[in-house]
Amino acid sequence: MADAAVDGTRRVLVAADKFKGSLTAVEVAERVTAGLRRVVPDLAVEALPVADGGDGTVAAAVAAGFERREVRVAGPLGDEVTAAFALRGDTAVVEMAEASGLQRLPAGVLAPLTASTHGSGELLRAALDAGARTIVFGVGGSATTDGGAGMLAALGARFVGSDGEPVAPGGGGLADLASADLTGLDPRLAAVELVLASDVDNPLTGPKGAPAVYGPQKGASPQDVAALDAALAHFARVLEETETVGARAAEYAASPGAGAAGGIGFGAMLLGARFRPGIEVMLDVLGFAPALERADLVITGEGSLDEQTLHGKAPAGVAAAARAAGREVVAVCGRLALPAEALGRAGIRRAYPLTDVEPDVAKCIAEAGPILERVAERIARDFLA
């Protein structure tokens with residue numbers, strides 16, 4: 001038994017991500033805790049909602065004790081939105097989806113060629129204004145494929161066409177780029193540690209690049225994908241011709257993570273960002289290691305446990321860290337699409353999908369909270385009673 005249980009008390013750590021479209025990570029922890037305590041009333045439970053850098057990252061930081069800060073910034077189509085970042089001391093957690101995510105688009109509207117990351121740059125500037133010296137920049141869930149050009153422009157870069165005017169916003173506008181000037185970037189960036197937190201390792205362009213892999217889910221047709229890929233390649237070539245970037249542009253474009261969130265990873269690398277798997281960064285920032293020391297059973301999870309989970313998603317990161325510390329891990333999920341062997345290799349002893357309790361998938365989505373409590377009761381009976 002782990003050191004956490006030397007006094008005979010079982011201690012449980014709930015470190016799960018959101019069930020997208022049904023429950024936030026905070027709500028998942030609350031429901032799991034309620035279900036566990038229905039079976040073991042005096043159970044010691046610690047909740048540490050987690051995220052992998054995508055949407056929900058700021059909420060996870062706030063749940064871990066960071067202060068929520070709100071600011072008005074440009075949404076992906078230029079309209080003003082209220083976006084949040086999280087701050088604790090001189091460390092900020094900035095989530096690009098807060099400003100430039102798909103959820104910021106009007107219902108039914110997709111804009112693969114014109115959506116801009118300008119608001120994400122404004123969020124980074126707000127974090128600098130708040131005194132941040134370390135910025136964890138979580139990227140994912142974007143509506144954009146502009147290589148981070150909008151973000152860079154918001155921070156002082158200039159991208160102009162042959163007429164000397166700024167190019168149109170979005171990845172499509174980069175096809176008209178004639179020159180780039182990064183000398184006007186906010187000087188405070190040079191003194192900040194910027195960590196690019198992402199769960200994808202795609203390069204900027206090519207068959208595995210941002211437009212080809214993620215463009216279609218943002219509404220890009222095959223023609224749009226080709227146009228965006230060409231525009232981002234052109235963007236990188238123009239940057240190669242600048243004194244401030246030079247040959248590093250090609251190096252960054254080919255780097256793992258450059259294609260994250262429509263290429264904003266590439267833009268962040270131009271700012272000096274260091275790429276790290278999102279869940280690893282967030283576990284550090286949220287204080288997962290000390291929480292893990294206090295626990296002997298870890299419950300993780302997300303809406304769908306599938307092949308993607310194994311490639312850098314939150315439950316895989318939690319399970320890997322817990323296994324290294326000798327802790328037992330079980331998972332909750334809405335849908336389970338992994339065999340027991342794959343779960344075992346990931347360090348997950350057993351998974352509990354909502355569909356085991358309620359076979360009707362629509363009902364699982366609509367009534368996820370109460371059903372998750374019943375799932376947690378099963379875990380308590382199997383592992384804690």
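Buried means under 20% relative accessible area. At 0%, Phe 235 therefore counts as buried. This is a predicted model, and the report covers its aromatic pairs and its open sheet.

A search of the whole structure finds two aromatic pairs. The rings of Phe 159 and Phe 235 lie 5.4 Å apart at their centres with planes at 80°, so this pair is edge-to-face. Phe 159 sits in strand E7 (residues 158-160) and Phe 235 in helix H7 (residues 222-240), so the contact ties together parts 76 residues apart in sequence. Phe 159 is buried, at a relative accessible area of 7%.

Phe 235 also pairs with Phe 266, again edge-to-face. Phe 266 belongs to helix H9 (residues 260-270) and Phe 235 to helix H7, so this pair ties together parts 31 residues apart in sequence. Phe 235 and Phe 266 are both buried.

| Pair | Centre to centre | Angle between planes |
|---|---|---|
| Phe 159 and Phe 235 | 5.4 Å | 80° |
| Phe 235 and Phe 266 | 5.8 Å | 75° |

**Open sheet**

Six strands form an open sheet, ordered E3-E4-E5-E6-E9-E10, with mixed pairing. Strand E3 (67-74) and strand E10 (274-277) are the edges; each pairs on one side only. The twist averages 30° from one strand to the next.

Strands E5 (residues 91-95) and E6 (residues 134-138) run parallel and pair over five bridges. Thr 91 has Thr 134 in E6 as its bridge partner.

Helix H4 (residues 118-129) packs on the sheet, touching E3, E4, E5, E6 and E9; its direction makes about 140° with that of E3. Helix H10 (residues 278-286) lies across E4, E5, E6, E9 and E10, at about 90° to E10.

Terms used
Residues numbered from 1 in each chain as written. Predicted model: local features only at pLDDT ≥ 70, side-chain atom pairs only at ≥ 80, totals over all residues. Heavy atoms only, no water. Phe/Tyr/Trp six-rings, centres within 6.5 Å; stacked < 30°, edge-to-face > 60°. Helix = DSSP H or I, 4+ residues; strand = E, 2+ residues; numbered from the N terminus. Buried < 20%, exposed > 50% of the residue type's maximum accessible area, 1.4 Å probe, protein only. Pairing = 2+ DSSP bridges. Axes fitted to C-alpha atoms, helices over the stretch in contact; angles between N-to-C directions. Contact = heavy atoms within 4.5 Å.
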